Amino acid sequence: MEHETAAPLDQQEIERYRRHILLPEIGGTGQQKMKNARVLVIGAGGLGAPILEYLAAAGIGTLGIIDDDRVSLSNLQRQVIHDTGTLGEMKTRSAREAIARLNPHVRVVDFEERFSLDWAAQHLKRFHLLIDGSDNFDTRYSAADAAEAARIPLVTGAVGRFDGSLTVLKPYETNAAGDLYPAYRDLFPEKPPEGLIPSCAETGIVGALTGVIGTLMAMEAIKLVTGIGEPLLGRLLLYDSLSARFDTIKYKRRSARAAAE
């Protein structure tokens, strides 16, 4: 991933990120990559809250937030970036204020609107990485299409009741064998019919689950930005909180799709 050049880490930043810099895999070079990075997060809700908090704490230089919703009392059971004092505020503003308290070195660019392909065509080119923490299939498919068109990585996750999942997408790149990585539609070819899958407002969700999946998504973002480890490309990570079990499903580019391209 290419990065714009930011100012070198100052002494305060070096001290703040010392535990990262001590890691040979990250070091000062990796921390500088995080400072240079521009990451857009869709949603400042259950998944977006831990994603934003951990990426801000990690030192991602610019965080974009897009969300058109306001903080409500029923959000606070899981959306930990907000609090009782921000009830009624736009989630983007509440999140921006929380990030400023956590790490003043992070620049926040917020958009009080819903993510769409039209919006992405105008703004997504400003970012190096997209993270989808939305709660609906329309946005998930739009995010996948927009990231593929912009040729930037996408970290996408979902939660429901006691279960969660996440994966990483780079369908514009090839693996070591020369095969294109799979796209979102290789994993989920079609949107489910409207109303088939109920929302968490209808079925409920355990708050800590969003923290687990959101934190894993933040970790994948850090790996992508710094170039360390093996991102979840072609792998869907599943988490069942009731049985405390993780499973991984491998998936590939569908031959019909590859032939069409």
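## A pair to start with

Aspartate 138 and lysine 191 join their side chains in a salt bridge, with N to O at 3.0 Å (a side-chain nitrogen of Lys or Arg within 4 Å of a carboxyl oxygen of Asp or Glu). This pair links distant parts of the chain, 53 residues apart: aspartate 138 sits in helix α7 (residues 137–150), and lysine 191 in the loop between α8 (184–187) and α9 (200–203). Helices (H or I, at least four residues) and strands (E, at least two) are DSSP runs, numbered from the N terminus.

Aspartate 138 is partly exposed at 45% relative accessible area, and lysine 191 is partly exposed at 41%. Buried means under 20% relative accessible area, exposed over 50%, and partly exposed in between (1.4 Å probe, protein chains only).

## What you're looking at

This is a predicted model, where local features need pLDDT of at least 70, side-chain atom pairs count only at pLDDT 80 or more, and totals for chains, interfaces and linings use all residues. Residues are numbered from 1 along each chain as its sequence is written, and side-chain values use heavy atoms, leaving out hydrogens and water.

## The whole chain

The protein chain has 11 helices and eight strands. Its C-alpha atoms fill a box of roughly 55 × 45 × 40 Å along the principal axes. For 261 residues, a compact globule would have a radius of gyration near 18 Å, and the chain agrees, at 18 Å (taken over C-alpha atoms; the globule rule is 2.2 Å times the number of residues to the power 0.38).

Buried residues make up 49% of the 261. Of the contacts (heavy atoms within 4.5 Å) between residues at least 6 apart in sequence, 65% join residues at least 24 apart.

## More charged pairs

Side chains of opposite charge can pair when their charged atoms come close. The structure holds 11 salt bridges. One of them brings together aspartate 110 and arginine 96, at 2.5 Å from N to O. Aspartate 110 belongs to strand β3 (residues 107–111) and arginine 96 to helix α5 (residues 91–102), so the pair ties together parts 14 residues apart in sequence. Aspartate 110 is partly exposed, at 23% relative accessible area, and so is arginine 96, at 29%.

Glutamate 173 and lysine 170 also meet in a salt bridge, at 3.4 Å from N to O. Here glutamate 173 counts as partly exposed at 32% relative accessibility, while lysine 170 counts as buried at 16%.
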